[in-house]
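Colleague: I'm new to this one. Could you walk me through it?

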Amino acid sequence: MLVGTVLATAVAAAGPEDDLRAANLGVRRALVAARAGDLGTAEREYRGYESTWFQIEDGIRDRSRDAYRIIERLMGGVDAALARRPADAAAVVAALSALDRAQTQFVNGEVVVDPSGAAAPQPGSATKPTVTTLLRALADARAAAASGNWTGAATEIAQFQDTWLDVEGEIKTRSAEAYRQSEIDMALAATQAAQHSPETAATLGRMTERLRPFEAAAHYGVFDAAIILLREGLEAILVLVALSTFLLKSGNGDKRRWVWSGAAAGLAASVALGVALQVLVSGLITAENRELIEGITGLFAAAMLLYVSYWLHDKSSLAGWRRYVTERTTAALTSGGLFGLALLAFLAVFREGGETVLFYLGMAASITTTDLLAGLAIGAAGLAAVTVLMTVAGVRVPMRPFFTVASILVFYLCFKFVGTGVHALQVAGILGSSSAGYLPALDFFGMYPTWATTIPQVLLVLAGAAVILRGRLAMRLAPAQNA
């Protein structure tokens, strides 16, 4: 382990090639020992290299996912060779030689060749592997091992290893220990299957139980999808109904059709914007930058939600809301006439529609199609009911409770978008992903056990508390100033 410590302090090189060049010295020393028949020393040297690899692997993956995939597969081969009983020095030498050769190719800037001849996955794959994909491979491997089909078990374990490279970032940011143990058990299961060991099933079962909690973690659900449409749609409806009521009471009831015409145009423009952004984002997403785009989109949506939450808080009084609507409507009638009314309604709907589109794009990659459609249906039904009640039945929505509840829900979404956005950047390797077991992990709130996600969320809560306290202080001081 002393060798691993020394190597760990020597990897502050300029780039991943230099990092791997230094780390590969451990592989070569292990190879020398294995050729001399000293497998004990070979394994110690290799474990030292392996410890260093965990610290530099992100740089290798960022430079070339294909090279990273091949190196990790070859490392599994070394682990399998070292675990064989009885020991087979020739197998260890062959495995270490293949690993050394691949890493030398990477260091020299050459194309890393997989000696197994396995085809590299094509970039931009439409199907994104998930923890569920891993669990299916484990289930198939266990079934094959139980029936004595060791070739099938080995094939499924190899499939697991290949898929693991696309999912490991998700596990690593949630639990560094689960990530480390899964990598160890992955190599062990491959060795046991090759030896037709009855222990294979137990190892695969242990891996399954370790990974299963990560499958249940869904970033967004029906509740989140419904909130966005309800919140944004209700605000637009409130503006339109308020404009219509103001016109009616001011003797301009015949001009209300301009309000609804502008609203219809705003809705159509929002749909067009959504289609255009979806086409643009879909064209930009590849296997290599998927998490990066998810993270950037999520954080941008969080910033917008933060503004919306503050705006709602500012309009939470009835006087503030009436002043907002009266000023906007009077200005439209004075300066632009009928066109000004239509434009005001258009902007009210288009602003909310544009925000809605961006919010859904921010969560699209982290919600199932079923949950998204269910949330949209619930939100649309709720909006339809509110619209009928307000326009036909004449029911008035209490402004203060509405804006208070809406601002809380929006703040919740903002809090969650911050966590999931930073988490996506961690998975992409842009931010550090070391987890801390004592930090809370609550998927409903988008909380992950890392400081990179926790600190921004804590700051967000503090900022929200400061805004509320400032508002209450201003309300207390107002009577004194008016006295």
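Here are some questions and answers about it.

Modeller: Before you start, this is a predicted model, where local features need pLDDT of at least 70, side-chain atom pairs count only at pLDDT 80 or more, and totals for chains, interfaces and linings use all residues. Residues are numbered from 1 along each chain as its sequence is written, and side-chain values use heavy atoms, with hydrogens and water left out.

Colleague: Which residues touch the most other members of the largest nonpolar core?

Modeller: A nonpolar core is a set of buried Ala, Val, Leu, Ile, Met, Phe, Trp, Tyr and Cys residues joined through side-chain atoms within 4.5 Å. Buried means under 20% relative accessible area, exposed is over 50%, and partly exposed is in between, using a 1.4 Å probe and protein chains only. The largest core has 56 residues, and the two that touch the most other members are Trp53 and Leu211.

Colleague: And which element gives the largest share of this core?

Modeller: Helices here are DSSP runs of H or I, at least four residues long, while strands are E runs of at least two, all numbered from the N terminus. Elements giving two or more residues to the core include α2, α6 and α9. The largest share, 10 residues, comes from α5.

Colleague: How is the pair of Trp53 and Tyr68 arranged: stacked or tilted?

Modeller: Rings of Phe, Tyr and Trp (its six-membered ring) pair if their centres lie within 6.5 Å; planes under 30 degrees apart are stacked, over 60 edge-to-face, and the rest tilted. Trp53 sits in helix α3 and Tyr68 in helix α4, 15 residues apart. Their centres are 5.8 Å apart with 15 degrees between the planes, so the pair counts as stacked.

Colleague: What does helix α6 reach from its first C-alpha to its last?

Modeller: The expected span of a helix is 1.5 Å times one less than its number of residues. Helix α6 covers residues 131-146, which is 16 residues, and 22 Å is expected. From its first C-alpha to its last, α6 reaches a close 23 Å.

Colleague: Is Thr208 buried or exposed?

Modeller: Thr208 is in helix α9, and its side chain reaches the backbone oxygen of Leu204 at 2.9 Å. Contact means heavy atoms within 4.5 Å, and beyond its neighbours within four places in sequence, Thr208 is in contact with Leu135, Leu138 and Arg142. Its relative accessible area is 5%, so Thr208 counts as buried.

Colleague: Which side chain makes a polar contact with the side chain of Glu17?

Modeller: A polar contact is a pair of N or O atoms within 3.5 Å; within protein, one must be able to donate a hydrogen and the other to accept it, and residues adjacent in sequence count only if both atoms are side-chain atoms. Glu17 lies in helix α2. At 2.3 Å, the partner side chain is that of Arg63.

Colleague: What is the phi of His196?

Modeller: Most residues other than glycine have a negative phi. His196 is in the loop between α8 and α9, and at 48% relative accessibility it counts as partly exposed. Although not a glycine, His196 has a positive phi of about 60 degrees.
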